[in-house]
Amino acid sequence: MQNRYRHTLFIVLVSASLLGCSAVEQKTVAVQPSPTPDASMVEQSRAAGKALLMQLGGVLKKEMSTDGPVAAVGVCKQAAPAIAADVSKQTGMQVSRVGTRVRNTELGTPDAWNNQALAQFADRLAKGESAESMEFAQIVTEPTGKYLRYAKAITLQPMCLTCHGPAAYIPDGVKAKLAADYPNDKATGYNVGDLRGAVVVRRAL
Ligand code: HEC
């Protein structure tokens with residue numbers, strides 16, 4: 001009886017120390033910073049974001065020079081979501097654009113992670129960093145799983161003023177078309193070099 005009791009006690013103590021040990025390990029894992037994203041995966045996200053901007057930029061420029069800015073607003077309304085959906089389908093990643101102030105409220109409204117990226121970009125721009133290759137990538141755990149999230153800054157170029165600039169730069173026809181198509185448009189009043197938004201890529205890991 002005595003022996004049995006000792007034996008049970010021994011097992012309880014060993015299990016307790018094992019449990020204690022695993023609890024410590026878990027704690028250590030939890031406080032570790034999230035791992036650095038894999039460079040080749042970041043490169044794939046970068047390429048997907050670039051594909052969206054290049055294709056859309058091509059359509060926009062062509063339309064501006066052939067049919068003018070009013071028609072280009074209509075084309076952008078169709079082409080921007082279509083190209084984003086197309087690039088997303090081809091790459092298996094979610095590729096889109098978000099704005100610091102938004103025109104397409106459905107597609108262009110930043111979520112919490114995007115807002116964090118935008119705030120960081122605004123900060124870095126204010127400190128004099130060039131917008132050219134300004135990007136931010138992070139592995140994040142969301143309720144639905146782990147994702148590699150990527151954002152690249154978009155700043156305003158002179159050609160964007162016609163549709164996103166201060167009122168004086170926007171032709172009346174464009175103003176009317178924007179008011180009709182985007183009654184909640186907040187994406188005007190930008191100057192060249194301002195942070196307009198970001199191209200964002202979300203990829204399941
Ligand atoms: C011909 C007008 C026009 C020009 C020029 C134009 N845009 Fe836009 N922009 C739009 C329209 C229309 C949308 C909304 C598209 C949609 O419905 O998805 C938009 C949306 C955006 C968005 C997505 C976020 C949001 O607010 O919905 C970004 C980012 C953006 N534009 C950046 C730019 C930049 C940078 C330039 C210059 C290189 C530019 N745009 C030039 C009309 C224009």
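Colleague: Is Arg 103 buried or exposed?

Modeller: Buried means under 20% relative accessible area, exposed over 50%, and partly exposed in between, with a 1.4 Å probe and protein chains only. Arg 103 has 12% relative accessibility, so it counts as buried. Please keep in mind that this is a predicted model, where local features need pLDDT of at least 70, side-chain atom pairs count only at pLDDT 80 or more, and totals for chains, interfaces and linings use all residues. Residues are numbered from 1 along each chain as its sequence is written, and side-chain values use heavy atoms, with hydrogens and water left out.

Colleague: Which side chain meets Arg 103 in a salt bridge?

Modeller: Side chains of opposite charge can pair when their charged atoms come close. The cut-off is a side-chain nitrogen of Lys or Arg within 4 Å of a carboxyl oxygen of Asp or Glu. Here the partner is Asp 185, at 2.9 Å from N to O. Asp 185 sits in the loop between helix H7 (172-181) and E4, and Arg 103 in the loop between E1 and helix H4 (105-108), 82 residues apart.

Colleague: How many salt bridges are there by this rule?

Modeller: The count comes to 10. One of them pairs Arg 46 with Glu 135 at 2.6 Å, N to O. Arg 46 belongs to helix H2 (residues 39-66) and Glu 135 to strand E2, so the pair ties together parts 89 residues apart in sequence. For the labels, helices (H or I, at least four residues) and strands (E, at least two) are DSSP runs, numbered from the N terminus.

Colleague: What is the strand order in the open sheet?

Modeller: Two strands pair if DSSP finds at least two bridges between them. The 4 strands follow the order E1-E4-E3-E2, with antiparallel pairing. E1 (94-99) and E2 (135-142) are at the edges with a single partner strand each, so one side of each has no neighbour in the sheet. Between E3 (residues 145-155) and E4 (residues 195-204) there are 9 bridges, and Leu 148 has Arg 203 in E4 as its bridge partner.

Colleague: And the ligand: which residue is the only protein donor of its iron atom?

Modeller: Donors are N, O and S atoms within 2.8 Å of the metal (3.2 Å for Na, K and Ca); water is not among the atoms, so sites may look incomplete. The only protein donor of the iron atom is His 164, through NE2 at 2.1 Å. His 164 is found in helix H6 (residues 161-164).
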